[in-house]
Amino acid sequence: MIHDIYSLLRGPMVWLAFCIFAGGMVFRITAMVGLARQKDRVVFDYMNTRYALRSILHWMVPFAGVNMRKHPVMTLVAFVFHLSVLATPLFLCAHILLVKASWNLSWWFLPDGVADVMTACVVAACGFFLCRRMLLPDVRYLTTASDLFLLALVASPFISGFWACHQWPGYPVVMMAHMLSGEILLAAIPFTRLIHMFFFPFTRGYMGSEFGGVRHAKDW
Amino acid sequence: MTKPPAKARPHFADEGIEKGVQKLTGESITPVIRDILKTEGGARLKVYMETCAHCGLCSEACHHYLSNDRDPKYSPAGKVRQTIGEILRKKGAVSPGFIKTACEIAFTECNLCRRCVMYCPFGIDVAYLMLFVRRICHRLGVVPQYIQDTAHSHAATLNQMWVKEDEWIDTLHWQEDEAREEIPGLRIPLEKEGAEIFYSVIGPEPKFRAQLIYQAAVIMHVAGMNWTMPATPGWDNSDMCMYTGDFEMTARLKKAHFETAMRLKTKRIVMGECGHAFRSVHDVGNRFLGWKTEPLPVVHAIQFYYELFRDKKLTVKQKFDQPVTLHDPCNVVRGAGLHELARYIIHETCDRFIEMHPNREHNYCCNAGGGVINCGPPFTKKRVTSNSVKAEQLKAVKAKGANIIIAPCHNCHGGLEDIIKHYDLGMEIKFLGDIIYECIKKT
Amino acid sequence: MPEKIRFMGSLILLMLLAVLLCPAHAQEDIVRVADRVFEAPMRPPVAFHHDAHNEKAGLDDCSICHHTYENGKKQEGSDSVGMECSECHFSKDRNNAVDLINAYHLQCNGCHASRKAGPVMCGECHRRR
């Protein structure tokens, strides 16, 4: 029974999650570009590589913008969170060994201790975001149930992963929960607010182009 | 989850909104909204709405939020949530009461100043979203009365202030006469074909501030410019229709403006110190006409004056001797990056310049722009109380010694004037043109 | 004088410790997977009771695990009993520790998965306690 569930989570479900993720990403971006072609031609006319990159770069460097300096704690947490949430799963030794076992592919990985710290950072950052949502009136006003659900969705593979990695009680079940929650998260990205992962370069780039090319002003 | 207790929204009676809403029913609203969403709601609307992470990092960009005790309802994302967010969630099935509130938010609680765009990590254009709401209100016939009146004036006369053709010509002649008392031989050349400069102003200049035309004529004369103004409609570069959501009219207005300049075979349009007009000519109206940029160069007064000083066409007789500060208007700073040029002119003409903080792209809005001041008396009190943060900013710069505020934008003038009066700041506001007129050698 | 006594005492204690630890290696039955090339393993060693495992799994043919390959072909009838896995899987031209790790993982996990028996998840073999 455990073997069946495990091989399902380790095999077909991974494929499914990655296919939904990649397919969803391609679908969302093509649909968006198609819609823009139809109704927002202006976007293509004003998109400007230089100004788009200028803006994207400024928003990807911590503390490069005025608002980032105004919220130093949020900036720090947000950058550590985004770095960790992307890098930890990609460069985790255990994940790479699974890929190695399946496809004989491997790449550089993080020392386990670093990965542990980064995972803890993700979970702590989720806690921080939750506190912001609860305690800051303006953020609380904007918060919907879906925002809390997404926070939980993001945190769960990291919590369960950390739990499983340290073999705390309930190992097999937690391990499988880790695999499942990771797969759900991956598949959910294109169809939730997590889509900002793909849309960021477009929205930022377009605004950077408008500010740089038309308005001759900074947008950070 | 439970929301924090909501403070009741203060009610401001506006006939345009009230009467417009009375004509609506739930059934009449939905098809209109769905039609707009289907025909005009494109990728930008969708992507902006789906990308917003509800992080609240835009809140502190907004003077409405900062001035209303940080009430979440006034944060940019909060306003989006209450208006277009709700419209999309309900797929257009909203009540007349909802439209009334949405109209008030979109028209009087957002100046489309785009400060929040610089504070959003994704660069979500809240001004675009609020304008989308205004578009819906316009199509539903729910628009504040005063600004709708200016839109009607635009439609009937192609200018904002119901100025008739003969009144326009009379005003120019009047100002020319006055100026010739000071400088004999000065002309305000009307309909001069082939002139290099087509000088255009906004409707309120001939209506209320004719001395600005006088000053501009003096500057043009002293600098030896080859310029003209038209004797036909098309002289007004302003555009309130852009702010009421009447984009068809916006296109018509800009077409008339550009075509008048072209009819006179002028090389470029120089416009007076107005922010929204520059936005409409440089950024918005040209797009509705299918032009990526203006069909002929459009130069804002700031840039024009800068060039005159740079090229030594104007010389300063005596520098302005009181300390001055500069209010950076959104539409020529976030909208055109003219802030350093404005400072150049000030350094040329004034003894002492004191920066207000924040400044340049990050300056706080005057709370008059974006058509908010044009919504008229019903909202004046709300407009000044919703910008206490501007009053604080001005107080701080006054404490440093600056009693004169230079604001190179008509709307900013109006807005700051009301703020100065309400908060009893005892400061004076000037255009760059006022200072230049006062300081330059005229003979 | 007392220093000399302390020194001798420590020496005796160390030797005692060495003697106590030795049986783990000297004992007939193998109790854990240990390859000399694993100098600083990132995970706890895998407990593996050779005889008990094989009895339970019904493995009589040594070459099922202790295989030999030549030109990519499994050599029937010969085995590699007595060799360490690293002798082949960590040879000079395959100088990647991950390859040896992978060899172990595929060997154990592959069989467990296909037989639906035995541990398959990381922590089921690499037990921390």
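1. E428(B) is partly exposed, with a relative accessible area of 39%, whereas K430(B) is buried at 12%. The labels follow from the relative accessible area, found with a 1.4 Å probe on protein chains only: buried means under 20%, exposed means over 50%, and partly exposed lies in between. E428(B) and K430(B) form a salt bridge, and their closest N and O atoms are 3.3 Å apart. A salt bridge here is a side-chain nitrogen of Lys or Arg within 4 Å of a carboxyl oxygen of Asp or Glu.

2. A note on the source: this is a predicted model, in which local features need pLDDT of at least 70 and side-chain atom pairs count only at pLDDT 80 or more, while totals for chains, interfaces and linings use all residues. Residues are numbered from 1 along each chain as its sequence is written, chains are lettered from A and ligands numbered from 1 in the order in which they are written, and side-chain values use heavy atoms, with hydrogens and water left out.

3. By the salt-bridge rule, the count over all chains is 45. One of them joins R114(B) to D283(B), with the closest N and O atoms 3.9 Å apart. This pair links distant parts of the chain, 169 residues apart: R114(B) sits in the loop between α6 (96-108) and α7 (126-140) of chain B, and D283(B) in helix α14 (residues 275-288) of chain B. Helices (H or I, at least four residues) and strands (E, at least two) are DSSP runs, numbered from the N terminus. Both R114(B) and D283(B) are buried.

4. In chain A, the side chains of E210(A) and R215(A) meet in a salt bridge (3.4 Å, N to O). E210(A) and R215(A) are both buried. R215(A) also forms a salt bridge with D283(B), the closest N and O atoms being 2.8 Å apart. A network of salt bridges links E210(A), R215(A), R114(B), D125(B), D283(B) and R287(B).

5. Now the interface of chain B and chain A. Here 56 residues of chain B are in contact (heavy atoms within 4.5 Å) with 47 residues of chain A. The buried area is about 4,600 Å², and carbon and sulfur atoms give 55% of it. Buried area is the accessible area (1.4 Å probe) that two parts lose on being put together, summed over both.

6. Across the interface of chain B and chain A there are four salt bridges and 33 residue pairs in polar contact, both at pLDDT 80 or more. A polar contact is a pair of N or O atoms within 3.5 Å; within protein, one must be able to donate a hydrogen and the other to accept it, and residues adjacent in sequence count only if both atoms are side-chain atoms. On the side of chain B that touches chain A, α2 (26-39), α3 (43-51), α5 (76-89) and α14 of chain B each give two or more residues. α3(B) gives the most, with eight residues.

7. Chain C also meets chain A: 22 residues of chain C are in contact with 21 residues of chain A. The area buried between chain C and chain A is about 1,900 Å², with 60% from carbon and sulfur atoms. M42(C), M121(C) and R128(C) supply 31% of the area that chain C buries against chain A, more than any other three residues.

8. What is the count of salt bridges between chain C and chain A? The count is three. K116(C) and D4(A) meet through their side chains in a salt bridge (2.6 Å, N to O).
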